[in-house]
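This report describes selected side-chain contacts and backbone features of one model. Please have the sequence and the structure open while reading.

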Amino acid sequence: NSNAPEASDEEVDCTCNAGSTGPDGGNCTQCEAGKYKIASGDAACTNCSAGQYSTEVGATSDVCQGCQTKSTAPEASNEQTDCTCNTGSTGPDGDPCTECLAGKYKIALGDAACSNCSAGQYSMEVGATLNVCKGCPTNSFAPQASDEQTDCTCTAGSTGPDGGPCTECVAGKYKIASGDSACSNCGKGKYSTITNATSEGTCQSCIAGKYLTTEGNINPSDCNFCLANSYSPHESTALTDCTCNAGHTGPDGGGCTGCTQGFYKETTGSNACTSCANGKLSILFSATSESTCLAACTHEAVMAAFLAKHSDRQLTIHDLKDCCHWELAGYYSHHAARYACRYLSGPSYFRAARQDEEF
């Protein structure tokens, strides 16, 4: 690996050939792969530059080859696989490298994969060599590796365009899913005091006896009371859900009036009051049971009539006379009235002396 000119008279006249190196007159070794030497002499072999490689041993010319796109290698690299992907790019050692997509980045050299922007972040930069990921606007979120701000969609409980800004659902509304859809109203018969609600379950029902015809209400006071003597189930949505109580009659949602004396109504609704059967009377207003209809001028009927008028004193013969005459009108003869009242005029019901003649 050395040579000397003609008529050389010393060993040191022997110099290393091109492609080899060593001291004049000494041993010469071939340039290693990744190096080359063009001229003879004792000069050192020249390294392939950074970003190049050469597999040839004893190269006498610059045979260094450039690494593939977006990759590099250290000086004196002797294999193609010494070429590794630059920061911001990825691929196998020695092969072409591709830039990290938007939504990703790569800080170090090598064949490692690009790192994703975390969930809730995005990046529009291609080939990013640093973590340039940005956070989504308030009340929005994005999946990993998002590459546009519009990948940030409003979270459940908030609404707005993709990419923001996103505002919380106001009281009386809710939103179950993420995205740009509008918040939904609590339905009729319901209300909600909660903001940023993520479930329809936050909407509370109006209590029984109230109704609500509109949507998106925010206070329990928005629920309307049924009219007097009527009632509705919970979560009622219309005035007509209010039906008349037992003992009252009228149209659904309308005014309800009590059944008059001699009538009763056992069920709720708009049906009419029912008349007591022939031979029976009820002295109660708004009666709710057929059992309030009693046989005329019996012990029970007379006492009920009296107590309905006078709850603060004892029964007298005059009261009995009034009750019997009034209760029996149209049902029994005057003689029957006299007989029944005379029968009831015992000492446990009045204090007056016997005054049958007054009948």
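## Backbone exceptions and salt bridges

Serine 286 is partly exposed, at a relative accessible area of 25%; buried means under 20%, exposed over 50%, and partly exposed in between, computed with a 1.4 Å probe on protein chains only. The model is predicted, and local features need pLDDT of at least 70, side-chain atom pairs count only at pLDDT 80 or more, and totals for chains, interfaces and linings use all residues. Residues are numbered from 1 along each chain as its sequence is written, and side-chain values use heavy atoms, with hydrogens and water left out.

Serine 286 sits in the loop between strand E33 (280-281) and strand E34 (294-295). Helices (H or I, at least four residues) and strands (E, at least two) are DSSP runs, numbered from the N terminus. The phi of serine 286 is positive, near 60°, in a residue other than glycine. Asparagine 229, also not a glycine, has a positive phi of about 65°. Asparagine 229 is placed in the loop between strand E26 (224-225) and strand E27 (230-231), and is partly exposed with a relative accessible area of 34%. Proline 165 belongs to the loop between strand E19 (158-159) and strand E20 (167-168). Most residues other than glycine have a negative phi, and most peptide bonds are trans.

How many salt bridges does the whole structure hold? The search finds 3, a salt bridge being a side-chain nitrogen of Lys or Arg within 4 Å of a carboxyl oxygen of Asp or Glu.

| Salt bridge | N to O distance |
|---|---|
| Glutamate 99 and lysine 70 | 3.7 Å |
| Lysine 190 and glutamate 200 | 2.8 Å |
| Lysine 190 and glutamate 235 | 3.9 Å |

Glutamate 99 and lysine 70 form a salt bridge. Glutamate 99 is in strand E12 (residues 98-99) and lysine 70 in the loop between strand E8 (65-66) and strand E9 (71-72), so this pair ties together parts 29 residues apart in sequence. Both partners are partly exposed: glutamate 99 at 37% relative accessibility, lysine 70 at 33%.

Lys190, Glu200 and Glu235 are linked in a network of salt bridges. In the salt bridge between lysine 190 and glutamate 200, lysine 190 is in strand E23 and glutamate 200 in the loop between E23 and E24, 10 residues apart. Lysine 190 counts as buried at 12% relative accessibility, while glutamate 200 is partly exposed at 30%. Lysine 190 also bridges to glutamate 235. Glutamate 235 lies in the loop between E27 and strand E28 (243-244), so its pairing with lysine 190 in strand E23 ties together parts 45 residues apart in sequence. Glutamate 235 is partly exposed, at 33%.

Serine 192 is in the loop between strand E23 (190-191) and strand E24 (204-205). Is serine 192 buried or exposed? Serine 192 counts as buried because its relative accessibility is 0%. Its contacts (heavy atoms within 4.5 Å), not counting residues up to four places away in sequence, include Cys186, Cys203 and Asn217. Alanine 171 is 21 residues from serine 192 in sequence and 5.7 Å from it in space, C-alpha to C-alpha.

Lysine 210 lies over the face of phenylalanine 225, at 4.2 Å from the ring centre. Such a charge has NZ of Lys or CZ of Arg within 6 Å of the ring centre and within 35 degrees of the ring normal.
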